Every structure is written in C-alpha cells, then in structure tokens.
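This briefing concerns the secondary-structure arrangement of the chain shown below. Please read the notes alongside the sequence and the structure.

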Amino acid sequence: MKITIVGGGPGGLYFSILTKKAIPDCDITVYERNKADDAFGFGVVFSDETLSEFLTRDPKSYDLIRNRFAYWDELDVARNGEKVRITGNGFCGCSRKTLLQLLQQRCLEEGVNLKFEANVDDISQFKDSDIIVAADGINSAIREKFASDFGTNIELQSNRFVWMGSTKPLDAFTYFFRETPHGTFVAHTYQYEEGMSTWIFETTDETWNKAGFSVTDEQDTINKISEIFKDELDGHPLITNRSHWRQFPVITNKKWSAGNIVLLGDSKATAHYSIGSGTKLAMECAIALADSVIKHKTDTKAVFENYEKLRRNRVEVIQHAANVSLEWFQNMDRHIQHDFMQFTFSVMTRAKKVTFENLALRDPSFPKKVLAEFNTNAGNENLQTSPAFTPYKLRNIKLENRIVMSPMEQYSAVDGLVNDWHLMHYGSRAVGGIGLILTEATAISPTGRITLGCPGIWNDEQVEAWERVTDFIHLNSAAKIGIQIGHSGRKGAVKFPWEGNNSPLDNAWGLMSASPIPFNDKMAVPVEMTQEDMDIITSEFVTAAQNADKAGFDMIELQAHHGFLLASFLSPLTNTRTDDFGGSIENRLNFPIRVFKEMRAAFNSDKPMSVRISACDWAENGITEADVITVSKAFKDAGADIINVSTGLTVADQKPVVGRMWQTPFSDMVRNTVHVPTITAGYIQDIDQINTILLNGRADLVALGKTLLLDPSFVRNAQAYEQHKADNLEALGIPKPYSFATSHLYPYRGGERKMLEGMKKALKPLTHKK
C-alpha cells in the first residue's frame, strides 16, 4: 500500500505516524514545500480532551508534546485594565515549530519518508499511490485544482487579524480588550513555552481602516499595536513572522474526497481560532482518517466514506460554533458597552456551547459575580436570584418572571370565537407559572384570518369570549396576558396544517398584500393594497386595539413578522411598490408605522405594546441588518415598549440556519444597537439556556413555543430545578389546590440536578498538567 501526503503540517505528520504504526509495510511519503525547521505562526493550543486522545493513540507523541508544552487551567478576560479570572478550563500551548519537529522525529522513528523543500505542482507523478492526502493548508493548490469535484466554498470574513509573538510571560489564556477612538481591539494571547507567548490581534474592518493600518507594513503594525496594548505588553517587544493582516477564510467542502485524493486539515475545513486551534482539528481528523485506512486498507471508497462518517458531523458542529464565535468578535463594539461582568460572561458564552451551568461547574465563583451584577442592576435584593425569575416591568405591568409563552396557533376557534380549548390552553400555562402569555395571532376581520380556526377580536361576542380567558388567568395566577393582533395578508385563507401546509381553502376569500406576489404557486395572487384599503385596515386594527382593552388584555403585540400583511410591506422580497409605500425602507415603513401609532393612541396608555418583526428573511436580497435597525428605531420612537425579534417565513423558499438559540443574535443586534428591550425565541429548551441568554444581554424576555406545548408546567419544574424561593414557597403564587405538590417536586428536581451535575463532572477530561 502506498500513501502520498502533500503538506508536512501537524495533521499530515500525525496521520503518517498512526498509519505507519498500524501498517508497518505501508509506503508513506510526506512532501513539504518548506524546510524542516520552517514554521509560520507561533503557538498552537490543545484541550485536555484532545491530549487524552493523543495519549491513547500514540503515547510517544503525547510524552514528547507534554514535556514541551505550557499548561494553564485559568482564563482571564481583561478590558481597559479591568480583569477577571475563570478557572477550570484545561488547555495547553505548544510551539508550532517544536510540535512539527517532534512529529517529524516520530515519523522518522516509524519509518515514514520525509521530503522537504519539495513543492508539489503536479500530482500526476503520484499516479501509483493508492491514496493522496491533500494536507497543504488553507491555500491548498490541490483543492483549488479540483474545487468543482470537492464542492469547495470559501467565504472571507470581514474582521482583520494579525498573528504575532512576544516575550511577555502569561500565566493564563487571556483576552485583552482595548477601546480606542477608532473602535475596539482584542488580543487573543497565551504562553506556549517559557519566555514566549502568542498574540493574535483582531479588530473590525471599519476600525482597522480608521486606525490607518496597511496589510504588509509589519513595523507600522508593531508601532501602533504596541501603543494600544502598551500596558498589557509591559515593555516586552512584539515579534513578527510574516505577520501580515489577514481576513479569516471559512472553508467548506461538500465532498472531502475526489478519486483517490482526500482532504485533511485546513484544506478541508477551517475553524476560527477564537474557539481553539486549527491544528487541534487537523490532528483529530488525522486520527479518523488513519482509523479508516487501517480498517479498509486500499478500498479507497470505503476509506473515504468511513472518514466522513466519523468526522463530518463533528467538524460541521465545530465550524458552526466557530462561526458563531467569529460573529461575536465581528460585533465587539456592540458587546463592549455592557457592564464588565456581563461583558466577560458574553465572551465566555459567545459560541453557545458554554452556558451558565457549564461555567458554574468549572468555577462557581465567577457565575456568582455575574449574577450579583445582574441582580444589582435589576434592583433585586437577593443577588443570586436566577435571571429567569427576576421580575420585569413594562409600563405599568409587572411580570413575575422573564419567561414568555410564544404565540402558537391552535386552529380551534369557530367563527373567530375562542372556547374551552383556549381557556384550558392559556389557563394551564398561566397556572404553570409563565410570566407573560402572548396569544396566537388574532385577526382584525374575517378575511384577516390565516385559517378558519383562527380567533378574532372584531366583534363584541369575541371580546366576551376572550374576557372569559383573561379573567381566569388574572383570578388564578400571577401571569400577564397579551394578545397578538394581526392580518394574514397574502398568507391567509389556507387549510389547517394537517390538511396541507400553506394550501388554499376550496372557497378562499380574496387576499391582499403590499404587492401582487403570491406566497407560493398554490395560492392566489393577492391584490396590491390601495390607499383606501390601508384606511380600512388601519381602522380595523384600531378597533381591535380598543376591543383588546375591553377584553382585559394586559398588553398588545402587533403582528409585523413572518410575511403577514404588515410584514409584507417591510421586506423587499414582498414589496415591489414604486409609490410612497415602496422602495426605501423609510417608505416601506409608512403603512406599518401608521397602524402602530394609531393603535397606540387608541389603546390604554398604562398598558404596553410590543411589535413582532422578522429580522432576517433567510433568502437572497431580503431585508438587511440596516433595514432591521431602521425598522426597530421607528417602532421604538412610535412607542413600542419592547420588540419581539423573530426571523424568516417571509418567502416559501427560505433557507434558515437552525440550531440551539438560533435567533438570539438578531435579538442581540436590535437590543444593543437600538437600545430597546427585546424578546427572543427559537429552539430554547431549558432554564440554563434562558439564564445564559438573559445574562448575556441578548434579550430581556425569553419566549418558548413548542417547549411549552406538552409541558405546561415548564416554569414550575424550572423553579424547582433552581430551588427558586425554596425557603418561601408561598411566594411562588401556586394556586392553593396545587401548592401541596411542592414538597415532592422541589426535592425531586433538586436531586435530579445534583445527579446530572455529578455526571458532568465525572465526564470531564482528566487534567494533563505536569
């Protein structure tokens, strides 16, 4: 068996070691274009988890690395001279040059052929090789030559970074943040051997340009960066090694192999340095590729299939986390405004993998500091109160906690009238402890409904039916209830979802929208609204607002999201008008803002109003971030007390990127740019995620949808899990007939939490500190 590796980086070398050890008669040759002692960059980082893997795969490599690395358990976040330390992290740094030399040594010991200063331009010379491993880095020539076969995609990110070294000693991995007149800079720093540390400086493209940097002028970069971070460097010099400013390329490939060629390391996939090391990722993938070769030998098809099976999902998860982390750094100027502990918590939890509970298991002292700051700012006497269970005020209503029931269509109304189903549906969640209920979309007219089962609030009979629900909630719980008022627009007159998703009714009523564009090819073309239509619709919204107050609702949320009538004016995908209601975002806002203002004027001034918007269409040429900021500012200025930030469902061909807490970045953008309270939602499933979002400052309230459908007592279970008010259970507001259950629920959930935390601690990788 003959294997050729193009690229003598850590991934290619480690693959060679593992494969040669297992298959001694395998002919393995590594071709590296640089000299044996050349190395670009300074240090690389490994976690305890990765080190444990190295130990089991090749103890000799592990011992060599371990004897030369710098280990730390601490991580520091510093901003403008203020610093906090978080322990329990478990990472090591190693010189990249030293790592290469150690792996080269192991290759020679195992009998791998190493050829240096061997630039490979033509792989046809390796036609007798069973496998060719393209480990030639970010700028892989092999990958570029066969890019169409691999399905290569490269997205250059906006932030600028430069990689340098220093003699400054560091006893922890440290993020140094500095605010300047130009914007925010950060230094990602760690010591990788005695007397040497890595310093990666990063800033936004806008700040980089304002500061007057150039890509290749190393001396100018040193002069400016040394001045910005003079206190952190403490007189120690910066050291360069081809230290040119770069923009990070996010590289993906639909296929990792083509013919007998397989990609490894950065040629295959890149992960932003802010979540760890590309070297770590490359060596972990080298293990999987070696395992696949050992298992399937010369059956290259089986080798490559097994390699992708072992690693693709893991790589994509890491890349997603890296992209989320990368996005955080692209918005540093937004986050830097937070108080210091909240800012630090945001740094630590930026990629979503780390949560409040994770940090509490690592270092209990740090979350206590974060909680104390949060509760102090919230005016709470108990500085360790769970963020989810801190009260929140909107105008003259006080929410007992920050958990919201998101609008979820029930399709159970008859002629727009709610009934016993709705009384049970909303009443059970209220008794279950929810802070705020937002009803399903409630129509302003019969033709404003989505389906025949949608409720309305256009007549007195409907007001009385809703009043029965609100009275029950106010009498039997501390929950507040808001009504989402809207008009379906071009998405109306459809069957129930179980009868056909977005399929029109047989006797559908006429539809209207901002422009005559159907939602899909099954639905009718809507009529483009005239000024007269807008006048009628506005008056119907005003009547609905007045009826909502009569019905006893504590709040109104205006439906301006998901492509419904008002939302159809906001997105350029659904608004192609050329009059005063189309074109610029200011024009597209005219009608929705008019509706909101007139509703606000007609609604009880003591009660708050929200508006729900779609902050992303997940489709090409959709609404932009700048548009969303303009929309949010306009609603804030019009009197919106809070903005419910959603995304998508504007067009049928959307392609959303869905995952845990996936919509929180949009809420973060609106809240911390426009400085208006926000509600967020989207695959939020447990109390830890809720607390993490709130402590991060990404939202003020957190809405749950499907999580609540089969668990109306989610909040009660979460309170028991957190042992919230365990010393004063009567203060929870649980109805007396149910209050006796707390003596069973609290010990059970408390014990369950202790068991889970014990399991997590047991699964934590062992320390590799020397």
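**Sheets, helix packing and an annotated domain**

Strand β4 pairs with strand β7 (residues 91-95) in the antiparallel sense through three bridges; two strands are taken as paired if DSSP finds at least two bridges between them. Helices (H or I, at least four residues) and strands (E, at least two) are DSSP runs, numbered from the N terminus. The model is predicted, local features need pLDDT of at least 70, side-chain atom pairs count only at pLDDT 80 or more, and totals for chains, interfaces and linings use all residues. Residues are numbered from 1 along each chain as its sequence is written, and side-chain values use heavy atoms, with hydrogens and water left out.

**Three-stranded sheet**

- Strands in the order β3-β7-β4 make up an open sheet of three, with antiparallel pairing.
- At its edges are β3 (43-47) and β4 (70-72), each of which pairs on one side only.
- Neighbouring strands of this sheet are turned by 25° against each other on average, direction ignored; axes are lines fitted to C-alpha atoms, for helices over the stretch in contact, and angles run from 0 to 180 degrees between N-to-C directions.
- Phe-91 in β7 is the bridge partner of Trp-72.

**Six-stranded sheet**

- A further open sheet has six strands in the order β8-β2-β1-β9-β17-β16, and its pairing is mixed.
- The edge strands β8 (113-116) and β16 (257-258) each have a single partner strand, so one side of each lacks a neighbour in the sheet.
- Parallel pairing over three bridges joins β9 (residues 131-134) to β17 (residues 261-263), and Val-133 is opposite Val-262 in β17.
- Helix α11 (residues 300-330) lies across β9, β16 and β17 and runs at about 10° to β17; contact means heavy atoms within 4.5 Å.

**Helix pair α16 and α17**

- Helix α16 (residues 420-431) packs with helix α17 (residues 460-476) at an angle of about 20°, the axes being 9 Å apart.
- α16 is therefore roughly parallel to α17 (angles under 35 degrees count as roughly parallel, over 145 as roughly antiparallel, 65 to 115 as roughly perpendicular and the rest as oblique).
- Residues in this contact include Leu-423 and Tyr-426 of α16 and Trp-466 and Phe-472 of α17.

**Annotated domain**

- An unreviewed UniProt entry annotates residues 389-719 as "domain: NADH:flavin oxidoreductase/NADH oxidase N-terminal"; UniProt positions are given in the numbering used here, feature names are shortened, and annotations may be inferred rather than shown by experiment.
- Across residues 389-719 the chain is 35% helix and 15% strand, with the end C-alpha atoms 8 Å apart.
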